[in-house]
Amino acid sequence: MMKKYGFILIVVSVLFAIISCEDENRTQISSDYPSDYDINYGLFHVYQYDEVNINGIDLAQKFDFFETFRLTLHYTDNKISAVSFSNGDVPFSPYSYEIPAGRVDAYLNTSALPNELRLTESDKLIAYYVNGEFSIPFKLDCPSLDYKYTFKSIHQ
């Protein structure tokens, strides 16, 4: 007798859970939600790696000029369509090539792991997208040091 009531209680609970999941308001995006927008990113961390500091030393707070670095992603139809890049007052570039000024067509290559943000025309790598953040690994003059920028979304 107890097993019968237990079984009925389980069936009723499952049916109630299924019915409550069919809320149309939760599964549809509002028509007011924009499909074209921009997201601005600033440097969150600037890691310096060497053979002793394999986890990296964060240099972001040690130099004020890192606060001026900007990366803006432009979305069209909810997909990355272009990027704008500003090195600000940072005295060096993380790239071995020159980024064109202004808005440049770009795309997020989701077939590569980690995902890659690339320029459309030249297919050059701009940044990696890993664990919800964009990062740019690079080297400067010293071959034994590696660096990595990580970005966070900023509101302007």
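This is a predicted model: local features need pLDDT of at least 70, side-chain atom pairs count only at pLDDT 80 or more; totals for chains, interfaces and linings use all residues.
**Confidence.** The mean pLDDT of the protein chain is 85, and 85% of the residues score at least 70. Which element has the lowest mean pLDDT? Helix H2, residues 24-27, does, with 48. At the other end I found strand E2, residues 57-58, with the highest mean, 96.

**Surface and burial.** I took the whole chain next. Of its 156 residues, 31% count as buried. I also checked contacts between residues at least 6 apart in sequence: 45% of these join residues at least 24 apart.

**The core.** I then went to the largest nonpolar core, which has 30 residues. Leu73, Leu117, Ile126, Phe134, Tyr149 and Phe151 have the most contacts inside it. Which strands each supply at least two residues of this core? I wrote down E1 (37-49), E3 (70-76), E4 (79-86), E5 (103-109), E6 (115-119), E7 (125-130), E8 (133-138) and E9 (146-154).

**Ile126.** I picked this one from the core residues with the most contacts. Not counting residues up to four places away in sequence, Ile126 touches Leu71, Val83, Tyr95, Tyr97, Ala106, Leu117, Arg118, Leu119 and Ile136. Leu117 is also on the list of residues with the most contacts inside the core.

**Gln48.** I found Gln48 in strand E1. Buried or exposed? Gln48 has a relative accessible area of 17%, so I put it down as buried, the cut-off being under 20%. Leaving aside neighbours within four places in sequence, I listed the contacts of Gln48: Asn53, Gly56, Ile57, Leu59, Leu145, Asp146 and Tyr147.

Last, I turned to helix H1, residues 2-20, where Ile8 lies. Ile8 has a relative accessible area of 41%, so I noted it as partly exposed. Which residues form a nonpolar patch on the surface with Ile8? Tyr5, Phe7 and Val11 do, and the four together have about 410 Å² of accessible area.

Technical notes:
Residues are numbered from 1 along each chain as its sequence is written. Side-chain values use heavy atoms; hydrogens and water are left out. Patches are made of residues with over 30% relative accessible area and no salt bridge: like charges are joined within 9 Å, nonpolar side chains (Val, Leu, Ile, Met, Phe, Trp, Tyr) within 5 Å. Accessible areas come from the Shrake-Rupley method with a 1.4 Å probe; for residues, only the protein chains shown count as cover. A salt bridge is a side-chain nitrogen of Lys or Arg within 4 Å of a carboxyl oxygen of Asp or Glu. Helices (H or I, at least four residues) and strands (E, at least two) are DSSP runs, numbered from the N terminus. Buried means under 20% relative accessible area, exposed over 50%, partly exposed in between (1.4 Å probe, protein chains only). A nonpolar core is a set of buried Ala, Val, Leu, Ile, Met, Phe, Trp, Tyr and Cys residues joined through side-chain atoms within 4.5 Å. Contact means heavy atoms within 4.5 Å. pLDDT is the predictor's confidence in each residue, from 0 to 100.
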